[in-house]
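Hi,

Here is the structure I promised to pass on.

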Amino acid sequence: MASPPPPPPKLPIPGRRNILITSALPYVNNVPHLGNIIGCVLSADVFARYCRLRGYNAIYICGTDEYGTATETKALEEKCSPKEICDKYHVIHDEVYKWFDIKFDKFGRTSAPEQTEVCQAIFHKLMESKWLTENTMQQLYCDTCERFLADRLVEGKCPTEGCNYEAARGDQCENCSKLLNPTELIDPKCKVCKNAPRIRDTDHLFLELPLLSDKLVNYINNTSVAGMWSQNAIQATNAWLKEGLKQRCITRDLKWGVPVPHEKYKDKVFYVWFDAPIGYISITASYTPDWEKWWKDPDNVELFQFMGKDNVPFHTVMFPSTLLGTGENWTMMKTISVTEYLNYEAGKFSKSHGIGVFGNDAKTTNIPSEVWRYYLLMNRPEVSDTLFTWADLQAKLNSELLNNLGNFINRVLSFVAKPAGGGYDSIIPDAPNVESHPLTNALAEKTNKWVEQYLEAMEKVKLKQGLKSAMAISSDGNAYLQESQFWRLYKEDPATCAIVMKTSVGVVYLLACLLEPFMPSFSREVLHQLNMSPDEDLSFCDDKGETAKAKRPWDFISAGHKIGKPVPLFKELKDEQVEAFRIKFAGSQAERILKEQAEAEAKKVAEKLKGTKLSEGSSKKKQSGGLKSKTAEEVSVAKLDIRVGLIRKAEKHPDADSLYVEEIDVGEEAPRTVVSGLVKFIPLEEMQNRKVCVLCNLKPVAMRGIKSHAMVLAASNEDHTKLSWLSLQNPLLLGRG
Ligand SMILES: [Zn+2]
Ligand SMILES: [Zn+2]
């Protein structure tokens with residue numbers, strides 16, 4: 001199916017509220033986890049949807065942040081170009097956000113040509129205004145690779161006393177966790193070519209933050225009040241200011257970035273902190289050539305920015321300084337919305353360690369995206385860290401969505417849909433004299449109060465409070481149904497029953513509107529069941545009189561309207577499902593992927609192993625004949641004992657060119673000796689200190705005179721032309737099966 005052409009880009013409209021919304025640009029080379037999703041893209045999406053619902057002229061801009069060392073390093077690891085890495089992961093991000101129903105006006109990329117244009121133009125302005133100065137730094141340079149080495153591209157012996165770890169990285173020793181400077185490493189080696197780099201002077205450009213500080217402090221003082229900055233944003237900003245502003249280097253000796261348009265620095269690129277926030281502007285530029293109408297009109301455009309707390313100083317100090325330094329009239333951030341961290345079960349969500357539930361995992365649970373959105377937003381870490389637990393997700397789904405919201409809507413619509421004699425044949429009844437029914441008037445009053453609270457909270461970007469107010473309308477609706485005893489009124493007092501039903505259907509519609517920013521797919525479904533159109537009927541504007549109707553909910557839907565077919569909106573999450581998720585998502589994502597791949601690989605191995613006996617541990621019965629017939633049934637994946645092991649030592653087999661002999665720690669007292677035919681796939685040095693999957697319950701076999709006590713499971717690509725090491729830099733638990 002061809003997708004419809006995108007609507008023409010929106011531009012600011014004089015006299016309207018023009019709102020420009022951004023969320024922190026997710027770094028491209030990872031799959032985002034739920035903590036990242038609630039931290040920026042989802043929160044901004046809720047606010048953008050709210051603005052659209054209210055008839056504000058709003059656009060939501062985001063995209064992947066693609067330049068920098070981390071991408072270059074990842075590209076070296078995966079043996080491809082940085083561009084290929086970005087292409088691959090940009091698609092993953094895009095898919096994850098689509099699944100979560102995030103509606104960007106533009107989801108772009110910082111590697112787009114517009115980024116170079118805007119970045120370089122800003123740089124020229126800063127040069128002209130003399131806010132940039134030059135300074136010399138010392139960095140490691142590899143003569144073989146002809147490049148300065150990023151911290152992570154240097155490896156050497158850890159200088160920490162007692163550690164002596166051989167493969168400490170330039171920025172940190174993985175063994176003793178000490179943060180390092182690459183020049184501190186003993187015998188540093190270039191990670192790419194293994195040659196020794198040397199210390200070399202390199203000149204860089206610096207932004208003179210100290211000279212800009214008056215302008216900056218003035219901006220912060222005014223805007224933090226006018227834009228109602230949250231306490232955590234103000235604190236993080238003040239902490240920076242208190243330390244005193246320092247010159248900040250804006251260039252880097254890298255290739256993957258925006259080139260510096262200056263004769264002396266033409267081989268350098270801009271440092272990511274400088275260029276990433278410019279991505280908001282350049283992505284808007286790839287949305288519309290008239291981007292300056294959004295970005296250079298501070299009097300008519302309000303800029304709202306969403307991010308996690310670690311990102312605050314870049315948006316309240318660094319980015320504003322860059323813009324102020326140009327001397328141009330930029331649209332500067334008015335309101336900043338900051339989230340704390342969402343923790344996972346007992347620990348922290350972690351991208352680098354792969355802990356928690358990731359964007360692409362959520363899909364595999366078959367829990368609909370609206371439930372995820374609801375749960376994450378109800379748990380939005382607005383003032384302090386919050387905790388994700390499966391049990392809590394279950395409780396919120398079952399009690400709040402299913403029993404409160406879903407139950408209310410389904411009860412109302414099912415009753416209206418019943419054939420005449422027991423219901424209204426799906427036709428909304430007329431209900432004159434509503435004022436005569438005190439219970440209905442009391443409900444209208446309460447509903448209106450919740451709507452006022454909802455609007456007030458949402459205007460201040462207090463999303464959790466907004467959601468709670470909307471849900472309270474549903475709770476009151478349930479109580480109203482119960483107290484009215486509508487099922488008795490139907491026969492005894494049909495006029496009042498009609499009032500209750502017409503009012504309740506109005507409340508159903510109101511809920512679909514107010515909850516749309518939080519659960520768009522839920523709202524579409526409710527409107528569908530109401531036989532209304534999400535495109536035309538989702539609106540809650542003051543000037544169309546829609547907000548005023550909250551006082552008269554019976555007026556939302558007119559008598560005679562025929563509703564659609566009601567169906568239950570939510571499905572219960574059972575205890576055993578929750579338990580299964582808890583187990584499935586235990587450990588790190590890398591470990592889970594590794595296990596899945598290893599199991600698939602093991603299946604293939606098992607196929608080939610017909611005739612080889614799997615040992616079943618020490619309690620194994622004595623084997624007699626009939627071994628072959630038994631093997632087929634015994635070689636099943638369930639019986640394969642697969643563990644993550646660490647190769648402590650590897651060397652060439654003394655009598656076989658294709659074999660390595662390894663000592664692998666699989667979490668037992670002593671490492672196991674394992675022989676593997678990996679020579680043509682993996683260089684010897686890459687075998688050392690590797691974490692690998694090991695099949696541990698194979699019967700020991702002698703291979704060219706050396707007994708192998710397990711089997712290394714390397715993942716091969718589809719056609720087995722290449723064996724890829726599953727790159728596991730993570731602290732996996734050894735021996736974990
Ligand atoms: Zn160390
Ligand atoms: Zn090198």
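Let me start with helix α18, which has 22 residues and reaches 31 Å from its first C-alpha to its last, close to the 32 Å expected at 1.5 Å a residue. That expected span is 1.5 Å times one less than the number of residues. Helices here are DSSP runs of H or I with at least four residues, strands are runs of E with at least two, and both are numbered from the N terminus. α18 is mostly covered, with 20 of its 22 residues buried. Buried means that 20 or more other C-beta atoms lie within 10 Å of the residue's own; exposed means 12 or fewer, partly exposed is in between, and the C-beta atoms are placed from the backbone.

Before you go further: this is a predicted model, so local features need pLDDT of at least 70 and side-chain atom pairs count only at pLDDT 80 or more, while totals for chains, interfaces and linings use all residues. Residues are numbered from 1 along each chain as its sequence is written, and chains are lettered from A and ligands numbered from 1 in the order in which they are written.

Overall, the protein has 24 helices and 26 strands. Of its 737 residues, 42% are buried. Among contacts between residues at least 6 apart in sequence, 73% join residues at least 24 apart; a contact means C-beta atoms, placed from the backbone, within 7 Å.

Now the cores. The largest nonpolar core holds 164 residues, and I21, F47, M501, V508 and L511 touch the most other members. By nonpolar core I mean a set of buried Ala, Val, Leu, Ile, Met, Phe, Trp, Tyr and Cys residues joined through C-beta atoms within 7 Å. Helix α18 (residues 494–515) gives the largest share of this core, 15 residues. Why does this core lie between domain 1 and domain 2? Both domain 1 (18–129 + 207–361) and domain 2 (389–555) give residues to this core, so it lies between them. The domain bounds come from an automatic or database domain assignment. Apart from this core lies another one, of 21 residues, including A650, L678, C696 and V712.

Next, the strands. β13 (residues 301–308) is mostly covered, with seven of its eight residues buried. Strand β1 (residues 18–23) pairs with β13 in the parallel sense over six bridges, and N18 has V301 as its bridge partner in β13. β13 also runs parallel to β14 (residues 333–339), joined by six bridges, and there F306 stands opposite S337. Two strands count as paired if DSSP finds at least two bridges between them.

β6 and β7 are joined by two bridges, and E155 stands opposite R169 in β7.

A few loop residues to check as well:

- N164, in the loop between β6 (154–157) and β7 (168–169), has a phi near 55 degrees, a positive value in a residue other than glycine.
- Q485, in the loop between α16 (463–484) and α17 (486–492), has a positive phi too, near 50 degrees. With 15 C-beta neighbours inside 10 Å, Q485 counts as partly exposed.
- T288, in the loop between α9 (278–287) and α10 (292–295), touches P9 and L11, leaving out residues up to four places away in sequence. T288 and K10 are 278 residues apart in sequence but 8.2 Å apart in space, C-alpha to C-alpha.

Cheers

How values were computed:
Contact = placed C-beta atoms within 7 Å.
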